[in-house]
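Hi,

Here is the structure I promised to pass on. Have a look at it first, and then read my notes below.

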Amino acid sequence: MVKYKRMFSVRQNRSNQELLAYPVGWYGDSGLGEELILKILAGRKTATLGPAYDPHESKVGERFRLVDKAGRQRAVIRITNVEFLAWEDLSQEHADRLDLTFDQIRTYFEKYLARQFRPDEEIRITSFEVVK
């Protein structure tokens, strides 16, 4: 499969009250959500990965309120890049931005989707930075 990137237009910045929530974690996640938030706040996790068909399409430049499973705002993040590629083209550089090993990525996403990714299945990697 051919590697490619699609970039999205920048939306206007909104005030903190108008920013959409970017939830991380859920009740019953065994602390995974809090672990991910701490990695984001420490700058170790700078991207997220999901299936390309996931309806949440962030735009480069868009800002979100990073919220925990209780709805508390923990930070504001800004989307810096959105990349689409085949599952089989996932690289170590991508894994580093996710702050996960390849085995962890495979385990988490097979559990999340309740199935295995096909090698040619398109995935979306959304990179971000903490802005406050």
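Let me start with one residue. Leaving aside residues up to four places away in sequence, Val24 touches Gly33, Leu36, Ile37, Leu66, Val67, Asp68 and Lys69. Val24 also belongs to the largest nonpolar core, which has 16 residues; together with Tyr22, Leu66 and Ile77, Val24 touches the most other members. Two or more residues of this core come from each of α1 (32-41), β3 (63-67) and β4 (73-86), and β4 is the biggest contributor, with five. Apart from this core there is another one of 14 residues, including Ala47, Leu90, Leu98 and Ile105.

Keep in mind that this is a predicted model. The average pLDDT of the chain is 85, and 87% of the residues score at least 70. Residues 1-13 are the stretch to be careful with: pLDDT is below 50 there, although the model gives this stretch 33 contacts beyond near neighbours in sequence. Where pLDDT is low, the predicted coordinates should not be read in detail.

Now for the sheet. Five strands form an open sheet in the order β1-β3-β4-β5-β2, and the pairing is mixed. β1 (20-23) and β2 (47-51) are at the edges with a single partner strand each, so one side of each has no neighbour in the sheet. On average, neighbouring strands are turned by 40° against each other, ignoring direction.

Cheers

Technical notes:
Residues numbered from 1 in each chain as written. Predicted model: local features only at pLDDT ≥ 70, side-chain atom pairs only at ≥ 80, totals over all residues. Heavy atoms only, no water. pLDDT = per-residue confidence, 0-100. Contact = heavy atoms within 4.5 Å. Core = buried A, V, L, I, M, F, W, Y, C linked by side-chain atoms within 4.5 Å. Buried < 20%, exposed > 50% of the residue type's maximum accessible area, 1.4 Å probe, protein only. Helix = DSSP H or I, 4+ residues; strand = E, 2+ residues; numbered from the N terminus. Pairing = 2+ DSSP bridges. Axes fitted to C-alpha atoms, helices over the stretch in contact; angles between N-to-C directions.
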